[in-house]
Amino acid sequence: LAGASDVAVTDKIAHVTGRLASSTASAEDLALVTDILSHNPAPEDLATWTEVLGTPSHAPADGEAPIPRDWARAWRWAAVLPEYVLAAWRDAIDYVSGHHGTPDPQALTGDRFPQWEGGFGRSPYSAEALSACPPLEAAALVAAWEPDAESEQQRFGHLELARALEDAVKADSVGWSVVPQDVVTALGKPLYIEHYFRALTERAADIVPHAPAVLVAALAQLPAGGGQAANQDTGEVTAGGNMQEVVLDLVRALANEDGDLAASLNDLWERALTAVRSIPETDTGLLFADHDPLNSAINRSWGHGFQTVFALAAWEFRSHGTVRPEFEEILDAVIGAVGSVGREFRAIFASHRPLLEGIAGTWLEAHAAALFREGALARETFNLTVKWSRPTTWFYREFTAELLGAALRRVDNAIRLVVAAALHEVEGYELDTLIKRLGKDTAVLATAAEDAAFLVQEAEPN
């Protein structure tokens, strides 16, 4: 995503929001955040990052006590995120820095941050040691390791080994994707297989030639325990219990890279649709109660499924010019969802609106009112598409009044979209119209003037 001119900044921000559940930041995270910051986002644009990070747990009882995991996570992400996002974590980061040094972005482009000497586990094999072996030999080494009294004293652990494996696979993703089923068989444990597929997902662009074999191996993995619990986020799922989401993310990544999905396409659709239908019978609320429902949606099994449905539909449209009828059937089914699940589905609808315009325009025209104008969830859905999706000619034309109203309500990104439309001379957004409509709130009008000056300054000379 870093450097991609065809991906909206808001989509990039949403991706980082989902990544913050990870205990470690990567070089890819650093590149993407640097890209986002180059667009000079306002602090409120990154408020979801602060919200997802939450607040620190209690301080260690003394200097010998283990460093809390959330403190370690904040310290690692401090090498990537702007300081104001981590303001609540400053004391925690300073405490960890006193033990392990100041977070250094350069560490992300070379070796990983050092493992803790106490309180946290280590891998019995480093990523470098695993990379020195052919993939199948490395997989056998990983699978054969078991803890003993000495390893427990050294704090070696399965999870740390899985993370080292993931790093090794990312370092040679092509080599590790040649015979994926053999690798999966050699690894054996779901935890290791999960991290193997996570690495391939991050390197999807590199493994496209091996996509058919990778997908066969991935589809052979059954969702553990029926998928994710309703009150569980991605970062809290027990080892091996997140396989469904991992496989769906891999499918989506390969579809977006135009990998060859043909041989497994029907099975891929079935896996994604099954995940979409896995919603709980009772409303359990959003994962992050006071946050944007998109943050909750992208951490649900049904959210992973729905995003994958969009990716598969887009792949079919690019490949064949049409999309199977099951796509619109599932759209019809989930548009009527209510409660927190309905809000989560609509957040994904909102963030994928431009894609819907391109591959299911007739359906979108017929359901635009139900999505964005009518019903208890319509206004929030509209606000979310303003916040997370890029503007389009259709959107500007169909929702002029609603967008101007959103600007007056100071919905995230609405004023900027209105100003951009005026600068691009979109019909219905003439400057005199904006002055008349936004002038009802002088503060909004002043913000619009500031945004206009910024956009003009940032525009190309032509």
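Predicted model: local features only at pLDDT ≥ 70, side-chain atom pairs only at ≥ 80, totals over all residues.
Q: Is W145 buried or exposed?
A: The general idea is a set of cut-offs: buried means under 20% relative accessible area, exposed over 50%, and partly exposed in between (1.4 Å probe, protein chains only). W145 has 10% relative accessibility and therefore counts as buried.

Q: How many aromatic pairs does the count come to?
A: Rings of Phe, Tyr and Trp (its six-membered ring) pair if their centres lie within 6.5 Å, and planes under 30 degrees apart count as stacked, over 60 as edge-to-face and the rest as tilted. By this rule there are 16 aromatic pairs. One of them joins F349 and W363, which are stacked, with 5.8 Å centre to centre and 5 degrees between the planes. This pair links distant parts of the chain, since F349 belongs to helix α19 (residues 339-351) and W363 to helix α21 (residues 361-372), 14 residues apart. F349 is buried because its relative accessibility is 1%, and W363 is buried because its relative accessible area is 3%.

Q: Why is the pair of W394 and F399 called edge-to-face?
A: The ring centres of W394 and F399 are 5.6 Å apart and their planes stand at 75 degrees, so the pair is edge-to-face. W394 counts as buried at 10% relative accessibility, and F399 counts as buried at 0%.

Q: Which residues form one aromatic cluster?
A: One aromatic cluster is formed by F306, F310, F327, F345, F349 and W363, so a reader who has found the stacked pair of F349 and W363 can look for the other members around those two rings.

Q: How many salt bridges does a search of the whole structure find?
A: A salt bridge is a side-chain nitrogen of Lys or Arg within 4 Å of a carboxyl oxygen of Asp or Glu, and a search of the whole structure finds 20 of them. Among them is the one between the side chains of E344 and R300 (3.0 Å, N to O). This pair links distant parts of the chain, with E344 in helix α19 and R300 in the loop between α16 (293-297) and α17 (301-320), 44 residues apart. E344 counts as buried at 1% relative accessibility, and R300 counts as buried at 1% too. Another salt bridge is formed by R324 and E316, whose closest N and O atoms are 2.7 Å apart; R324 is buried with a relative accessible area of 18%, and E316 is buried with 4%.

Q: Where in the chain are D441 and R410?
A: The side chains of D441 and R410 meet in a salt bridge (3.1 Å, N to O). The pair links distant parts of the chain: D441 is in the loop between α26 (431-438) and α27 (442-458), and R410 is in the loop between α24 (400-408) and α25 (414-423), 31 residues apart. D441 is partly exposed, with a relative accessible area of 22%, and R410 is partly exposed with 49%.

Q: What is the phi of R410?
A: Most residues other than glycine have a negative phi. R410, although not a glycine, has a positive phi of about 60 degrees. N413, found in the loop between α24 and α25, is not a glycine either and has a positive phi of about 80 degrees. At 22% relative accessibility, N413 counts as partly exposed.

Definitions and conventions: Residues numbered from 1 in each chain as written. Heavy atoms only, no water. Helix = DSSP H or I, 4+ residues; strand = E, 2+ residues; numbered from the N terminus.
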